[in-house]
Amino acid sequence: MAGGIGSRFWPMSTQKFPKQFQDILGTGRTMIQQTYDRISKVIPKEQIFVITNKEYVALSHQQLPEIPEENIVGEPLMKNTAACNLYMANKIAEINPDATMIVLPADHLILKEDIFLEKVELAFEVASKHDYLVTLGITPTRPDTGYGYIQFVEKKGSDYFKVKTFTEKPILEIAQSFLESGDFLWNAGIFIWNVKSIHNAFDLYLPEMMQHFMACEYNSEKENSCIETIYPKVQKISIDNGILEKAKNVYVIPSDLGWSDLGTWTSVYENTEKDKEGNAVKLKHLLSYNSKGNIIRLRNNNKAVIIDGLENYIVVDTDKALLICPRDNDQLIKDYVLDLKNFK
Ligand code: GDD
Ligand code: MG
């Protein structure tokens, strides 16, 4: 899934050039390329699909020339992740009605790749045998309100568990209580299911969306024009809100992946090298006085920067925009961007 605009990452991530197509951590590979590198170790490239907005089809193809061109699928409108999941499940079911598929966000950091591949193998085993919606779960480290929280039923000796409750993006007080209870995992947003299971779930919980998508013939000449016709009518909702919060057959595999959704500036701050004052700054000309815990990114690295008394701030400067905001407010950047649109 690579169709988001990453607005919490503004101004580095923009509608024209979203974060999944950028080398956020300076590793030499963009986020979507890293996702491909990881999963292509276990899935043949002919069976890897990218679902993104049609605006990013050319960019996806350019960054992933290994994937067959017809496997890069463009959506006419941004409808969030329920629609793109159903669209892909339909295309895959048309090729193989018994297929088990894995759904991966294109913007995650996974440090422990061996464990990831081991858990993926287990997830495929479970999802191909049962009518389960399987997700990978991460031990939470902070009351982050940007994630889904999963409570599961403990079962001794098992390495996957039935999900009791799934709460998408709770408010801070609730996230805090989930964290303190020690009973919850974060939803990694990586799903594994049989195409039949996900179809059943859409039938039950998003039947209208299912009806719309049933009207199209997949992998045929008529697919594109049919998709163009149905998309405006399709509900805009995430797979988490639309399906996972409601389904009774969700299972979780606790996974210690060295995982981070590079979704916010704080997550980048945590995953980049810092100087002795805890400033994540890779600048050629920086003078820093009494300043700590900041993340500073400039598109023009030749600019001289002086900071004095700056603590725990995000400063991001591009050709078009400058953002200065406390690190604690990084979830609000999405709202700032909306306000900016209204302001224009
Ligand atoms: N094709 C397509 N179309 N892709 C989309 C769309 C869309 O309309 N909207 C988002 N995506 C892609 C994003 O590019 C990203 O790779 C992935 O789908 C997930 O979307 P996000 O917008 O990043 O979701 P989130 O981070 O707020 O929440 C999800 O991930 C969290 C973990 O990272 C949820 O699954 C949470 O429960 C989870 O904790
Ligand atoms: Mg995300």
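The cover over the buried residues of helix α1 includes β1 (50-53), α2 (57-63), β3 (100-103), β4 (108-110) and α4 (113-129). The model described here is predicted.

**Helix α1**
- Helix α1 spans residues 31-39 and is mostly covered, with 8 of its 9 residues buried.
- The buried residues of α1 are M31, I32, Q33, Q34, T35, Y36, R38 and I39.
- Both helices and strands take part in covering these residues, among them helix α2 (57-63) and strand β1 (50-53).

**Helices α6 and α7**
- Two packed helices are described by the angle between their axes and by the distance between those axes.
- For α6 (residues 195-205) and α7 (residues 207-214), the angle is about 120° and the axes are 5 Å apart.
- Angles of 65 to 115 degrees count as roughly perpendicular and those over 145 as roughly antiparallel, so α6 and α7 are oblique to each other.
- On the α6 side, the residues in contact are H199, F202, D203, L204 and Y205.
- Their partners in α7 are P207, M209 and M210.
- Helix α7 also holds Q211.
- Q211 has a relative accessible area of 54%; the cut-off for exposed is over 50%, so Q211 is exposed.

**Loop residue T264**
- T264 sits in the loop that runs between β10 (259-261) and α10 (265-270).
- The relative accessible area of T264 is 8%; buried means under 20%, so T264 is buried.
- Leaving out residues up to four places away in sequence, T264 touches R8, F9, D330 and Q331.
- T264 and K282 are 18 residues apart in sequence, and their C-alpha atoms are 18 Å apart in space.
- From Q211 to T264 there are 53 residues along the chain, and the C-alpha atoms of the two are separated by 35 Å.

**A nonpolar surface patch**
- L287, Y289 and I306 make a nonpolar surface patch of about 320 Å².
- One of these residues, I306, belongs to strand β14 (residues 304-308).
- I306 counts as exposed because its relative accessibility is 60%, and the cut-off for exposed is over 50%.

Terms used. Residues numbered from 1 in each chain as written. Chains lettered and ligands numbered in written order. Predicted model: local features only at pLDDT ≥ 70, side-chain atom pairs only at ≥ 80, totals over all residues. Heavy atoms only, no water. Patch = residues over 30% accessible without salt bridge, like charges linked within 9 Å, V, L, I, M, F, W, Y side chains within 5 Å. Areas by Shrake-Rupley, 256 points an atom, 1.4 Å probe, with all protein chains shown as cover. Salt bridge = Lys/Arg side-chain N within 4 Å of Asp/Glu carboxyl O. Helix = DSSP H or I, 4+ residues; strand = E, 2+ residues; numbered from the N terminus. Buried < 20%, exposed > 50% of the residue type's maximum accessible area, 1.4 Å probe, protein only. Axes fitted to C-alpha atoms, helices over the stretch in contact; angles between N-to-C directions. Parallel < 35°, antiparallel > 145°, perpendicular 65-115°, else oblique. Contact = heavy atoms within 4.5 Å.
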